[in-house]
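The exercises below are meant to be worked through with the sequence and the coordinates side by side. Each task is followed by a solution in steps.

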Amino acid sequence: MLEDTGWSMASSRGQKEASRALALGALLRKLRRERGYTLDQLAKRIPMSASNLSRVELGSQGPPADEVIERMAKALSADASELLQAAG
């Protein structure tokens, strides 16, 4: 059996962050596709690497800083508050 190391609290926080990351990623992918951008095209507009943008879309890393989310919104001609809300 595992000892109680406080993991459940960290796990709960981690799950909330993962949930926000997935929500933001799904919204970003939807907006990118609606606007007809490839990952490379959007990444250049933000600017950020296409591999980093892919990780954000997949939700495999926590939501980026608000400043980055605002750049994403601008690159997509989207409402920054919608992206920020998805990111939590």
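**Exercise 1. Find the salt bridge between Glu34 and Arg35, and state how exposed each partner is.**

Solution. The side chains of Glu34 and Arg35 form a salt bridge with an N to O distance of 3.5 Å, where the term requires a side-chain nitrogen of Lys or Arg within 4 Å of a carboxyl oxygen of Asp or Glu. Next, consider accessibility, for which buried means under 20% relative accessible area, exposed over 50%, and partly exposed in between, with a 1.4 Å probe and protein chains only. Glu34 has a relative accessibility of 51% and therefore counts as exposed, whereas Arg35, at 34%, is partly exposed.

Before going on, note that this is a predicted model, in which local features need pLDDT of at least 70 and side-chain atom pairs count only at pLDDT 80 or more, while totals for chains, interfaces and linings use all residues. Residues are numbered from 1 along each chain as its sequence is written, and side-chain values use heavy atoms, with hydrogens and water left out.

**Exercise 2. Work out how the buried residues of helix α4 (residues 66-76) are arranged around its axis.**

Solution. First list the buried residues of α4, which are Val68, Ile69, Met72, Ala73, Ala75 and Leu76. They cover an arc of only 165 degrees around the axis, so they lie on the same side of α4; the arc is that of the directions from the helix axis to the C-beta atoms. Then turn to the face directed away from this buried side, which carries the exposed residues Asp66, Glu67 and Lys74. Finally, look past the helix end, where Ser77 follows α4 with a positive phi near 50 degrees.

**Exercise 3. Repeat the analysis for helix α5 (residues 80-87).**

Solution. The buried residues of α5 are Leu83, Ala86 and Ala87. Viewed down the axis of α5, they fall within an arc of 100 degrees, and therefore line one face of the helix. An α-helix has 3.6 residues a turn, so residues three or four places apart point the same way. After α5 comes Gly88, whose phi is positive, near 85 degrees.

**Exercise 4. Summarise the chain as a whole: how many helices and strands does the protein chain have, and what percentage of its residues count as buried?**

Solution. The protein chain has 5 helices and 0 strands, in the order α-α-α-α-α along the sequence. Of its 88 residues, 28% count as buried.

Notes: Helix = DSSP H or I, 4+ residues; strand = E, 2+ residues; numbered from the N terminus.
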